Amino acid sequence: TFDVTFSTAGHDVPPTLYGLMFEDINQSGDGGLYAELIQNRAFQTVTPGTSAALTAWAALGSAKISVVKSSSPVSSALPNALSFAVASGTTSTVGFTNSGYFGIPVTAGWTYTGSFYYRTPSPPATKVSGSFTADLRSTGGTVFTSATVPFTTSSTWQQATFTFTASSTQTSVENLFALSVGGSTVSGLTIEFTLISLFPPTFNGRENGFRMDLSETLLDMKPAFFRFPGGNNLEGETAADRWAWENTVGDLVDRPGRVGDWGYINTDGLGLYEYLQWIEDMGMEPIMAVYAGYSLNGASVASSGMQTYITEAINQINFVIGDASTNAQAAIRASMGHADPFTLNYIEIGNEDFFSPTTYADYRWADLYNALHAEFPQLHYIATSATSGNVPTLSPTPTYWDLHIYSNPNFFINGAFNFDILSRNGLQFFQGEYATTTENSGAALTYPFIDGSIAEAAYMAGFDRNSDIVFAASYAPLLNHVSSTQWTPDLITFSPNTVIRSTSYYVQQLYSLYKGDFYLQSTTNTASSPVQWSITRDTSAGQYFLKVINTATSANTVVFTLPFTPSHTTGTGTILTAPSGTQNTPTSPNAAVPSTFSFTAGKTITYNAPGLSLSVLVVTE
Ligand SMILES: O=S(=O)(O)O[C@H]1C[C@H](O)[C@@H](O)[C@@H]1CO
């Protein structure tokens with residue numbers, strides 16, 4: 001039995017304590033949160049004439065399709081186009097299809113919004129008018145919904161738009177988007193297409209917005225912040241490939257896209273504006289990274305070359321918070337629909353610069369910090385060159401540090417007091433990435449498992465307890481498309497029409513929902529103890545959140561002695577527990593889900609915590 005007494009002494013819990021780390025990994029942006037359903041919609045960064053250039057596209061009927069460098073591109077950012085050639089004398093239906101990001105969801109009641117650019121490089125002497133049919137169909141050819149899209153041949157680019165509404169829900173996502181036309185209408189013609197786009201309804205109905213079910217899943221965590229755009233995906237393989245904010249704003253037709261750092265193309269349709277608008281809609285605040293001159297090939301920008309990136313970072317921040325009436329970058333923000341500045345308090349300078357400690361310490365940190373702090377003194381700047389609370393020497397001395405740790409359950413159980421032992425010297429820590437990534441044996445994990453998730457919960461009791469110096473924490477990676485994975489485990493796995501909440505998702509959710517605003521000191525415990533606890537309070541609600549973590553496989557009893565006698569003698573608790581090894585997977589999505597229970601609340605509360613469990617007992621004064 002663990003006897004826990006708690007006092008009314010303690011400290012504030014920062015409102016930023018629990019949030020989300022995001023980067024476009026595992027198709028979590030393109031093909032995930034970003035709601036565009038068409039993969040390879042604008043043939044960005046592909047090599048014309050190659051089969052890879054046609055990823056996700058296929059011809060319908062006898063038409064010939066290929067990706068070409070257009071002789072008159074729709075924009076300088078999008079030089080490529082789909083060339084659709086129809087032989088003279090064709091009479092049958094011709095067209096082309098797109099298979100989406102490993103499938104396309106068909107959901108009853110959804111009105112889909114589509115558009116595409118088209119032109120006829122060599123228009124016939126007399127204009128030809130006709131109509132395309134845009135539709136959603138099964139791979140077997142069953143059409144679920146369609147729209148007629150009139151066109152007239154033109155040597156200049158035209159943009160067509162259409163909508164259609166699905167009347168059925170298909171459990172299979174093996175569906176295609178198709179554009180087709182009667183062969184006799186277009187026989188002998190070659191028509192170019194690009195930026196072929198299809199959106200479902202989006203979160204908050206935003207144009208060019210976010211997928212609803214994934215947004216709702218994240219909203220259910222009440223996350224306080226959103227770290228973006230990376231992570232590795234900020235850095236580029238080279239400086240030229242970095243995430244450069246300016247290429248991600250403005251009209252979609254002006255966004256070139258880039259080769260992302262996880263093996264696939266980033267359309268950058270999910271750009272800086274879309275991130276910020278969604279973060280605002282979700283009630284979060286950004287922790288925004290700026291490129292800091294280190295890329296994944298291991299090279300650092302030379303000191304003499306830093307000004308370009310300093311200017312870029314200043315412009316990036318001005319896009320977010322500048323005055324649209326005086327600042328050019330802020331004016332772009334206003335032109336996209338957000339005249340007022342977005343909320344911004346935290347800037348992260350780089351990512352994992354412990355891979356490049358010399359250049360970060362010698363000049364990259366100071367160059368950026370000094371310039372940005374001078375320009376935006378009200379913002380907090382986070383350094384990235386430490387992996388633990390024992391930080392290296394940087395000048396100017398950072399106040400905020402981002403720490404990353406991926407390890408096994410034992411690390412998180414034995415490390416539960418890693419922050420207790422740190423001296424309080426003004427430093428503030430962001431545990432920006434952490435997860436149980438292997439079993440204690442070293443065996444890799446495809447999905448989180450209960451043993452690792454409860455170990456994370458033990459470590460997180462340390463975040464609550466040390467939230468006087470831990471201002472933010474987020475599990476990573478956040479999202480994983482079940483059909484395109486570069487990193488496991490992840491907090492949430494999804495397909496085009498399903499979302500799986502892992503055991504670690506529920507741990508993150510419970511800590512975030514029951515964060516409270518004040519941490520109450522209690523009986524001191526030790527690292528490696530099988531039981532950890534944390535007591536926080538929602539002061540305005542007069543509610544106390546007694547978190548109990550039992551990392552042992554056998555039950556353990558905790559007896560709480562409160563500093564008061566609650567008037568409400570029945571409390572409600574929530575528990576996540578499951579047998580060792582349990583995972584939520586596509587075949588068993590709800591193997592372990594939280595359940596609620598009631599308990600008797602009094603000056604003392606005896607709670608028998610099952611093995612491998614996180615419980616939150618809510619006591620009302
Ligand atoms: O290979 S790693 O450096 O471990 O990659 C990790 C750390 C990096 O910030 C993030 O992008 C990635 C997975 O979350």
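Is N266 buried or exposed? I looked this one up to start: N266 is buried, at a relative accessible area of 3% (buried is under 20%, exposed over 50%, with a 1.4 Å probe and protein chains only).

Notes on the model: it is predicted, so I kept local features at pLDDT of at least 70 and side-chain atom pairs at pLDDT 80 or more, while totals for chains, interfaces and linings use all residues. Numbering runs from 1 along each chain as its sequence is written, and side-chain values use heavy atoms, without hydrogens or water.

Back to N266, which sits in strand β15, residues 265-266 (strands are DSSP E runs of at least two residues, helices H or I runs of at least four). Leaving out residues up to four places away in sequence, I find N266 touching D24, D30, Q44, N233, G257, R258 and G260 (contact is heavy atoms within 4.5 Å).

Next, the ligand. The residues around it include E23, W262, N351, Y406, E433 and W487 (a heavy atom within 4 Å). I checked ligand oxygens against side-chain N or O atoms: 2.7 Å for E433, 2.8 Å for Y406 and 3.2 Å for N351. Alone, the ligand exposes 360 Å², and the protein buries 84% of that (Shrake-Rupley areas, 1.4 Å probe).

Last, helix α4, residues 307-321. I get 15 residues and 21 Å from first C-alpha to last, close to the 21 Å expected (1.5 Å times one less than the number of residues). Of those 15 residues, 12 are buried, so α4 is largely enclosed by the rest of the structure. Its cover includes α3, β16, α5, β17 and α6.

Technical notes
A polar contact is a pair of N or O atoms within 3.5 Å; within protein, one must be able to donate a hydrogen and the other to accept it, and residues adjacent in sequence count only if both atoms are side-chain atoms.
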